Amino acid sequence: FSSNKTFRRKDGFSLHTTTFVSGNYDKNGNLISTNCSFLDITEKKETEKQIEIKSQIIEGLVENFPALYYRFDKNLIFTESVGSALKKLGYQNNEIVGVSIEHLFSSHLEIINKHKKALTGEIVSLEANILLEDGSYAIFDLKLFYDSSTERGIGLGFDITEQKNAEKEV
């Protein structure tokens, strides 16, 4: 048996614990003794809380800022894709997971080559003009880099279409 419990001290500090209880039985199934352990998991709980807060902040930015975040493997296959800017491209979050960058951007050799370059460990910047279904173009400022801890490429894209259109008008 295990149980989590939070104790609040008089000074207001919360102590998070996990209690483990187990029994020792003889060969007839009779309880001989019990073992009980308490484990202080306060630091773990605080870390989880901080991760959750940071995750909510990042999720809010990705969903509301005109940007996209994606990961790709050594074969240039999308392994994750999120962000409000995906909708402008006609996709939902993670809809392009499993799709090849080479397939999706088959007419954009420069985009493909820059993704390959990022997998070598170089940080790559690229301004990409992407044709949309309605015949207009979206302009993205892409930052590509390699995450050696996961052996994946990461792409951050910012929709700068409105900014570029405003510059043309001036």
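Author: Let's start with a term: a salt bridge is a side-chain nitrogen of Lys or Arg within 4 Å of a carboxyl oxygen of Asp or Glu. The side chains of Glu122 and Lys117 meet in one, at 3.6 Å from N to O.

Reader: What kind of model is this, and how are residues numbered?
Author: This is a predicted model: local features need pLDDT of at least 70, side-chain atom pairs count only at pLDDT 80 or more, and totals for chains, interfaces and linings use all residues. Residues are numbered from 1 along each chain as its sequence is written, and side-chain values use heavy atoms, with hydrogens and water left out.

Reader: Which residues do salt bridges join into one network?
Author: Glu127, Lys164 and Glu167, through salt bridges that share partners.

Reader: Where is Glu167?
Author: Glu167 lies in helix 5, residues 161-169. Helices are DSSP runs of H or I with at least four residues, strands are runs of E with at least two, and both are numbered from the N terminus. Glu167 is partly exposed, because its relative accessible area is 44%.

Reader: How many salt bridges are there by this rule?
Author: The count comes to nine.

Reader: Which residue does Arg71 pair with?
Author: Asp147. The closest N and O atoms of Arg71 and Asp147 are 3.2 Å apart. This pair links distant parts of the chain: Arg71 is in strand 4 (residues 67-72), Asp147 in strand 7 (residues 137-147), and they are 76 residues apart.

Reader: Are those two buried or exposed?
Author: Both Arg71 and Asp147 are buried.

Reader: And what about Asp11?
Author: Asp11 forms a salt bridge with Arg9, with the closest N and O atoms 2.7 Å apart. Asp11 has a relative accessible area of 55%, so it is exposed. Arg9 is at 45%, so it counts as partly exposed.

Reader: New topic. Where is Ser81?
Author: Ser81 is found in strand 5, residues 78-82.

Reader: Why does Ser81 count as buried?
Author: Because its relative accessible area is 1%.

Reader: What is Ser81 in contact with?
Author: Contact means heavy atoms within 4.5 Å. Leaving aside neighbours within four places in sequence, the contacts of Ser81 include Tyr69, Tyr70, Leu86 and Val97.

Note on methods: Buried < 20%, exposed > 50% of the residue type's maximum accessible area, 1.4 Å probe, protein only.
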